[in-house]
Amino acid sequence: MTCHLLIPAAGSGKRMGGDRNKLLLPLLGKPILQWTLEAALKSESIDWVGLLCQPHDREPFKQIIGQILEQSNTSKSIALIQGGETRQDSVYNGLQALPDHAIYVLIHDGARCLATPDLFDRCAEAVKIYSGLIAAVPVKDTIKIVENGIVIDTPNRDRLWAAQTPQGFHVAPLKAAHIKGRTQQLSVTDDAALFEHIGLPVQIVDGEETNLKITTPQDLSIAEFILQNRY
Ligand code: CTP
Ligand code: MG
């Protein structure tokens, strides 16, 4: 049984500081989004991708998809789905657009273009066992809770993990979690938080230290360095 994959790619990239979606920026000669899609499609466990997209990005996204399908001669399908105002809204739209037979879904940020096919494979295998999971790595820094510039707490680092994507879920409970989140007007930055909110367990899968989310211009230079030194 293969997995369906949703890629939220409908942001605007404000923190990147440009005037268009950061996922269209070039990274070593090809758009960030193309790196993400190529890695995901190399995973044999994924045969359907739903790409969340704003209307003004449809044409450039179509071009990227066309290029990938031409190069790889794959029978996998990539569907463009209208994104929402927030990432949470985008994923919600993606869940509504999944084919009826979808049982397992992975969700992976378009901005995490360094995730390897191995990581997708690990998550796709694990989601058959666990109804909710996240790729994550142990936190290395000491984390402080701060209010108005003053540290108010230092949580024990042994229990802190940095959440990444892919995150994987069984479709039915994830849909229920999203619907409840909307009803209660919860605003979250990942899907696992909605799953946790309805009391369902979320399993940790080993993530990758290099799986960074391209957010600022500096991240682009770091990503370039990582890719140039890979393989
Ligand atoms: N995303 C989305 N729909 C939105 C907002 C974000 O699908 N309405 C996607 C982004 O395209 C990205 C992922 O969610 O792949 C993670 O979001 P983030 O890194 O915050 O990207 P942006 O929202 O584009 O960046 P910023 O917050 O700096 O504007
Ligand atoms: Mg954002």
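1. Let's start with one residue. Asn211 sits in the loop that links strand 11 (203-206) to helix 7 (217-228). Keep in mind as you look at it that this is a predicted model.

2. Is Asn211 buried or exposed? Its relative accessible area is 1%, and buried means under 20%, so Asn211 counts as buried.

3. Who does Asn211 touch? If you skip its neighbours within four places in sequence, Asn211 is in contact with His108, Arg112, Ala115, Leu119, Gln164 and Thr165.

4. Now hop over to helix 1. This helix is mostly covered, with 10 of its 11 residues buried. The buried ones are Ile32, Leu33, Gln34, Trp35, Thr36, Leu37, Glu38, Ala39, Ala40 and Leu41.

5. How do helix 1 and helix 2 pack? Helix 1 (residues 32-42) meets helix 2 (residues 58-72) at an angle of about 40°, and their axes are 10 Å apart. Because of that angle, helix 1 is oblique to helix 2. The crossing of helix 1 past helix 2 is right-handed.

6. Which residues make that contact? Helix 1 brings Leu33, Gln34, Leu37, Glu38 and Leu41, while helix 2 brings Phe61, Ile64, Gln67, Ile68 and Gln71.

Conventions: Residues are numbered from 1 along each chain as its sequence is written. Chains are lettered from A and ligands numbered from 1 in the order in which they are written. This is a predicted model: local features need pLDDT of at least 70, side-chain atom pairs count only at pLDDT 80 or more; totals for chains, interfaces and linings use all residues. Side-chain values use heavy atoms; hydrogens and water are left out. Axes are lines fitted to C-alpha atoms, for helices over the stretch in contact, and angles run from 0 to 180 degrees between N-to-C directions. Helices (H or I, at least four residues) and strands (E, at least two) are DSSP runs, numbered from the N terminus. Angles under 35 degrees count as roughly parallel, over 145 as roughly antiparallel, 65 to 115 as roughly perpendicular and the rest as oblique. A crossing is left-handed if the near helix is turned anticlockwise from the far one by less than a right angle, and right-handed if clockwise. Contact means heavy atoms within 4.5 Å. Buried means under 20% relative accessible area, exposed over 50%, partly exposed in between (1.4 Å probe, protein chains only).
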